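Grab a pencil and have the viewer open. These exercises take you through a protein model step by step, each with a worked solution.

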Amino acid sequence: MEYLDDLLKRFPETPEHIVIKADVLRRGVNFNLRLEDLAMRSCTTGLSTKDGRQGVEAPGQFHFGTDNTTVDILVDQDSPYEIVEKNPADYRLMIGERDLGEIHFTPRPGYYGLETSDGRQCTDYVVQRGPNCLLVTPLNSCAFFRKGDACRFCALSAVMDHELREKRLPMVPNYEILAEAVAIASEHIELREIKLNGGSVYHVTKEAEYNKKCAEHILSTAGSIEEVTVFSQALDEDGQKQLKDVGVTNVFFDMEAWDEHLWEQIVPGKAKTVGRAEWLRRLETAVGIFGRGHVACNFVAGFESAPFLQGCLSHEESLRSYLEGFRWLTERGIVPSFTVWVPLTDRRLSPKTEYFLTLAEELHKMLLEHDMYPDLGFPELGVDPPTLGLYCYYCRSMQFAQDYPRLIGRD
Ligand code: SF4
């Protein structure tokens, strides 16, 4: 509690829910048995719970009752944060004896338990993020993993490889069935956004094709969807145009790290397929195709100072590095974003919460300086964005920068 109080004092301009969220993302939520009951009534397909719960069912996220600020639940028995049921169905986030406010959960959607025509569960194909958004995987494997080129922070590629070996899902899903799962889910939720995020392949043009086919099938089966966001390697101009032509509205070409000397070490696969200089060129090209506010680049914040990297940076140096990257991108109309790096093996390797709050505060200032919030769907500050897309506040896993424009200046 003292640590949280200290953070609140150090960041007086930052809305309290942002400070709490940043700290909860880094330190997790203490598991208690009630979470399992809760999970039976909630949406559980959050990415954070998938990776971190070790067989324990928990709701994917909680939402603060007063302003809907949404926080991923990463279960951690050592966390000082706890979810308690004070009165029947009155859930609270607590730290020690202090009540941090009423919270609720996305209800378990009606498509849970329903099957697609191949006899699989719909939830095998769709991951729900918040009430309006589904994430699907166009490629259930990352080629970088088997060749020893996986991004150094990535736990997902190993999980995907394991599932592939177990023959849970084919490497390239049948997109007709995947689209069927989306269509079934859309009968039970108000679907406004689809995110496509899967593994990578060495032939980047192939990766563009997989994403294109997947988006095409979904859009022809599930009808019009406000936003379609693709997370992929930096595609060439032709690949970008193909996505745009089938209805993709946003792209994330994630560099993950900025420092030139560490880049190859952190993302060896991406360094082989596209390379850092070309990656940057393709991000700039994408702004011309998708528009300002529709092109983003994510970083795994803190990882450049991971002590097991050769030539790792100090925390101060890595902060400067990420901010240099944010500046380069915002000056060109590209939206930087970052994930709070929380290594599942040893959380102490991650920088402390003030590190992430400093990054987010500086990012917020840069977005203001370059007048990018209107491009991100904010007519003014202090309101929830009427569109989803890059700054949706429900579905950004392990991120909180998207809450600044909606919470600063809010009544
Ligand atoms: S490209 Fe994506 S899935 Fe593959 S190793 Fe990197 S982060 Fe993991």
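**Exercise 1.** How many bridges join β11 to strand β12, and do the two run parallel or antiparallel?

*Solution.* Start with the ground rules. You're looking at a predicted model, where local features need pLDDT of at least 70 and side-chain atom pairs count only at pLDDT 80 or more, while totals for chains, interfaces and linings use all residues. Residues are numbered from 1 along each chain as its sequence is written.

Step 1: find the strands. Helices (H or I, at least four residues) and strands (E, at least two) are DSSP runs, numbered from the N terminus. β11 covers residues 295–301, and β12 covers residues 335–340.

Step 2: check the pairing. Two strands pair if DSSP finds at least two bridges between them. Here 6 bridges join β11 to β12, and the strands run parallel.

Step 3: pick out partners. F299 has F338 of β12 as its bridge partner, and V300 stands opposite T339.

**Exercise 2.** Which strand order does the open sheet of 7 strands have?

*Solution.* Step 1: read off the order, which is β6-β7-β8-β9-β10-β11-β12, with mixed pairing.

Step 1: look at the edges. β6 (127–129) and β12 each have a single partner strand, so one side of each lacks a neighbour in the sheet.

Step 2: Ignoring direction, neighbouring strands here are turned by 25° against each other on average.

Step 3: go to the other partner of β11. Strand β10 (residues 250–253) runs parallel to β11 and is joined to it by 2 bridges; V251 has V295 as its bridge partner in β11.

Step 4: ask how covered β11 is. Call a residue buried if 20 or more other C-beta atoms, placed from the backbone, lie within 10 Å of its own. By that test, 6 of the 7 residues of β11 are buried.

**Exercise 3.** Where does β3 stand in the open sheet of 5 strands?

*Solution.* Step 1: the order is β2-β1-β5-β4-β3, with antiparallel pairing.

Step 1: β2 (70–72) and β3 (81–87) are at the edges with a single partner strand each, so one side of each has no neighbour in the sheet. From one strand to the next, the twist averages 45°.

Step 2: β3 pairs with strand β4 (residues 90–95) in the antiparallel sense over 6 bridges.

**Exercise 4.** At what angle do the axes of helix α1 and α2 cross?

*Solution.* Step 1: axes are lines fitted to C-alpha atoms, for helices over the stretch in contact, and angles run from 0 to 180 degrees between N-to-C directions. For α1 (residues 2–10) and α2, the axes cross at roughly 135° and come within 10 Å.

Step 1: name the contact, meaning C-beta atoms, placed from the backbone, within 7 Å. L4, L7 and L8 of α1 meet E16, V19, I20 and D23 of α2.

**Exercise 5.** What share of the 411 residues in the protein is buried?

*Solution.* Step 1: buried residues make up 50% of the 411.

Step 1: count the elements, and you get 15 helices and 12 strands.

Step 2: Along the principal axes, the C-alpha atoms fill a box of roughly 55 × 50 × 45 Å.

Methods:
A residue is buried if 20 or more other C-beta atoms lie within 10 Å of its own, exposed if 12 or fewer, and partly exposed in between; C-beta atoms are placed from the backbone. Two residues are in contact if their C-beta atoms, placed from the backbone, lie within 7 Å.
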